[in-house]
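Biologist: I would like to learn how to read a structure of this kind feature by feature. Could we look at it together, with the general idea put before the particular case?

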Amino acid sequence: MTTKKENKEANNANEEKESSDAAYGTHEEKNVALQADPAAASSQQGSEPEQKTRKRQRRASQASQQSQTAELSNAVSDEESKKKEENENTTVSDEFADYLEAGVQIGAMVKAPGMSKFIYKTREDGLHLLDLKTIVERIKIAAQMLARYEPSSIVVTASRVYAIAPVKKFAEITGTTALIGRVMPGVFTNPNRSDYMEPSIVLVSDPRNERQAIKEASKINIPVVALCDTDNWIKFIDLVVPCNNKGRRSLALVYYMLAREFLKAKGAIKSDAEFKYKYSDFEAKIEIKAK
């Protein structure tokens with residue numbers, strides 16, 4: 001036998017159930033209502049603070065991934081830049097290796113007026129060193145300048161022992177004229193001489209020893225290209241090629257490079273690989289006499 005209190009509680013429960021069913025209907029109707037009402041769905045999935053926490057976590061995760069991606073991208077970019085720089089340095093080193101080995105950059109202890117701009121630095125012992133980049137650039141410019149003229153109208157002088165062999169080889173390959181030994185007065189200006197020449201341009205191996213060739217060329221107003229060491233005066237010289245013009249291997253390499261670049265400028269060859277000579281082919285041979 002139920003009490004009045006129990007009956008009242010049962011009636012209240014039935015009323016709440018009916019009210020709930022009236023609002024949402026059956027279980028299926030409740031699901032439809034949840035889909036149609038995002039606020040109701042959100043309340044079923046979790047409270048508002050929990051949602052904010054999850055959003056912060058997602059943002060933090062995305063920021064972390066983006067940071068890692070940026071770091072990886074920067075690392076790859078730095079690695080590529082490093083490799084590019086190493087390759088460039090290797091290329092430069094390879095290009096200058098032969099020059100350094102031949103001592104093309106080694107000058108004298110005397111610095112003549114006009115040669116200061118070609119000097120890279122001075123060693124503690126007072127020896128001046130020429131700038132390698134300038135040497136390479138001037139060799140190419142000299143070859144291009146010479147290539148504007150007919151080979152037969154180009155005279156190349158050589159008075160030093162170590163310059164004779166490379167000049168002869170240069171003349172042989174390029175078709176220019178080699179003037180070996182002392183340059184006599186009137187060789188370019190006196191038509192009555194038996195050795196008279198009419199060059200359009202002159203390439204001088206040593207401005208000191210071959211000063212007469214420069215004087216002759218200046219009188220008839222023809223351009224002069226000269227290999228100049230730090231102690232050479234450059235008066236009346238139109239194009240200076242700074243280099244060690246006394247060393248055996250240095251002179252061989254300079255004339256080797258001049259010959260190669262000359263043929264390229266003339267269109268006789270298209271690449272360095274087509275030049276079939278070695279710079280040792282231009283080198284003066286040392287005779288060893290037996291005791």
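Biologist: Let me start with one side chain: is Phe236 buried, partly exposed or exposed?

Modeller: Before I answer, please keep in mind that this is a predicted model. Phe236 has a relative accessibility of 46%, so it counts as partly exposed. This residue lies in the loop between β6 and β7.

Biologist: How many helices and strands does the protein chain have, and what percentage of its residues counts as buried?

Modeller: The chain has eight helices and seven strands, and of its 291 residues 36% count as buried. To read how the chain folds back on itself, one can look at contacts with a separation of 6 or more, and 56% of these are between residues 24 or more positions apart. The accessible surface comes to about 18300 Å², with 49% of it belonging to carbon and sulfur atoms.

Biologist: How does the span of helix α6 agree with the 1.5 Å a residue rule?

Modeller: The idea is to compare the distance between the end C-alpha atoms with the expected span. For α6, residues 161-174, the 14 residues should span 20 Å, and the end C-alpha atoms are 21 Å apart, which agrees. Helix α8, residues 248-266, has 19 residues and reaches 27 Å, close to the 27 Å expected.

Biologist: And how enclosed is α8, and what do the buried residues of α6 pack against?

Modeller: In α8, 14 of the 19 residues are buried, so this helix is largely enclosed by the rest of the structure. In α6, the buried residues include Pro166, Val167, Phe170 and Ile173, and the buried residues of this helix pack against β3, β4, β5 and α8.

Biologist: Which residues touch the most other members of the largest nonpolar core?

Modeller: In soluble globular proteins, nonpolar side chains tend to be buried together. Here the largest core has 63 residues, and Tyr99, Tyr255, Leu258 and Phe282 touch the most other members. Its largest share, 11 residues, comes from α8.

Biologist: Where does Thr157 lie, and is it buried or exposed?

Modeller: Thr157 lies in strand β3, and because its relative accessible area is 0%, it is buried. Its contacts, leaving aside neighbours within four places in sequence, include Val167, Leu179, Val202, Val204 and Tyr255.

Biologist: What does the side chain of Asn232 reach?

Modeller: For a polar contact, one asks whether a pair of N or O atoms lies within 3.5 Å. The side chain of Asn232 reaches the backbone nitrogen of Asp229 at 2.7 Å and makes a polar contact with the side chain of Asn245 at 2.9 Å. Asn232 sits in the loop between β6 and β7, and with a relative accessible area of 1% it is buried. Asn232 also touches Ala112, Met115 and Asp206, among others beyond four places in sequence.

Biologist: Which residues is Arg160 in contact with, beyond its neighbours within four places in sequence?

Modeller: They are Asp206, Asn209, Glu210, Asn245 and Lys246. Arg160 is placed in the loop between β3 and α6, and at 25% relative accessibility it counts as partly exposed. The C-alpha atoms of Arg160 and Gly247 are separated by 9.9 Å, although the two residues are 87 residues apart along the chain.

Methods:
Residues numbered from 1 in each chain as written. Predicted model: local features only at pLDDT ≥ 70, side-chain atom pairs only at ≥ 80, totals over all residues. Heavy atoms only, no water. Helix = DSSP H or I, 4+ residues; strand = E, 2+ residues; numbered from the N terminus. Expected span 1.5 Å × (residues − 1). Buried < 20%, exposed > 50% of the residue type's maximum accessible area, 1.4 Å probe, protein only. Contact = heavy atoms within 4.5 Å. Polar contact = N/O pair within 3.5 Å; in protein donor to acceptor, adjacent residues only side chain to side chain. Core = buried A, V, L, I, M, F, W, Y, C linked by side-chain atoms within 4.5 Å. Areas by Shrake-Rupley, 256 points an atom, 1.4 Å probe, with all protein chains shown as cover.
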